[in-house]
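Reader: I would like to learn how to read packing in a model. Can we work through one case together?

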Amino acid sequence: MDTETLYPLEYQGKMIPCESADDRKLLQSAILLDGHRSDCDQHPSTELTQMSRVCEQYELTSLAQLTAELAKRCDEAERP
């Protein structure tokens, strides 16, 4: 089996061949955040940072920027 097509995900009419289930899960979460940015409180800044890195890996620039910005905001909010 071809590992590049084990976990395909569709986003904006494009099929993204996720290399792992973890990548797919992080991308799905990032896509959901794109539509519901108020839900970012459900994710710690470290997870948002992981989402951003995976989005960059799959060349989803706008999602990478969104999740990086949300990670920055959450990180600032999490600080005492």
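Reader: Does Ser-45 count as buried or exposed?

Author: A word first: this model is predicted. Burial is read from relative accessibility, and under 20% is the cut-off for buried. Ser-45 has 8% relative accessibility, so Ser-45 counts as buried.

Reader: Where is Ser-45 found, and what is Ser-45 in contact with?

Author: Ser-45 is found in helix 2. Leaving aside neighbours within four places in sequence, Ser-45 is in contact with Ala-71, Cys-74, Asp-75 and Glu-78.

Reader: Which residues of helix 2 are buried?

Author: Start with the general idea. An α-helix has 3.6 residues a turn, so residues three or four places apart point the same way. In helix 2, the buried residues are Ser-45, Leu-48, Met-51, Ser-52, Val-54 and Cys-55. Their cover includes helix 1 and helix 3.

Reader: What span should helix 2 have?

Author: Count 1.5 Å a residue. The 13 residues of helix 2 should then span 18 Å, and the end C-alpha atoms are 18 Å apart, which agrees. After helix 2 comes Glu-59, with a positive phi near 60 degrees.

Reader: At what angle do helix 1 and helix 2 pack?

Author: The angle is about 105 degrees, and the axes are 9 Å apart. Angles of 65 to 115 degrees count as roughly perpendicular. Helix 1 and helix 2 are therefore roughly perpendicular to each other. On the helix 1 side, the contact is made by Asp-23, Leu-26, Leu-27, Ser-29, Ala-30 and Leu-33. Helix 2 brings Glu-47, Leu-48, Gln-50, Met-51, Val-54, Cys-55 and Gln-57. The residues of this contact divide into eight nonpolar, three polar and two charged.

Reader: How many residues does the largest nonpolar core have?

Author: Again, the general idea. In soluble globular proteins, nonpolar side chains tend to be buried together. Here the largest nonpolar core has 20 residues. Those with the most contacts inside this core are Ile-16, Leu-27, Leu-48, Cys-55, Tyr-58, Leu-60 and Leu-63. Strand 1, strand 2, helix 1, helix 2 and helix 3 each supply at least two residues. Helix 3 gives the largest share, six residues.

Reader: Where does Tyr-58 lie, and what does Tyr-58 touch?

Author: Tyr-58 lies in the loop between helix 2 and helix 3. Tyr-58 is buried, with a relative accessible area of 14%. Not counting residues up to four places away in sequence, Tyr-58 touches Ile-16, Pro-17, Cys-18, Glu-19, Ser-20, Asp-23 and Leu-27. Take Glu-19: Tyr-58 and Glu-19 are 39 residues apart in sequence and 9.7 Å apart in space, C-alpha to C-alpha.

Notes. Residues are numbered from 1 along each chain as its sequence is written. This is a predicted model: local features need pLDDT of at least 70, side-chain atom pairs count only at pLDDT 80 or more; totals for chains, interfaces and linings use all residues. Side-chain values use heavy atoms; hydrogens and water are left out. A nonpolar core is a set of buried Ala, Val, Leu, Ile, Met, Phe, Trp, Tyr and Cys residues joined through side-chain atoms within 4.5 Å. Buried means under 20% relative accessible area, exposed over 50%, partly exposed in between (1.4 Å probe, protein chains only). Helices (H or I, at least four residues) and strands (E, at least two) are DSSP runs, numbered from the N terminus. Contact means heavy atoms within 4.5 Å. The expected span of a helix is 1.5 Å times one less than its number of residues. Axes are lines fitted to C-alpha atoms, for helices over the stretch in contact, and angles run from 0 to 180 degrees between N-to-C directions. Angles under 35 degrees count as roughly parallel, over 145 as roughly antiparallel, 65 to 115 as roughly perpendicular and the rest as oblique. Ala, Val, Leu, Ile, Met, Phe, Trp, Tyr, Cys and Pro count as nonpolar, Asp, Glu, Lys and Arg as charged, and the others, Gly among them, as polar.
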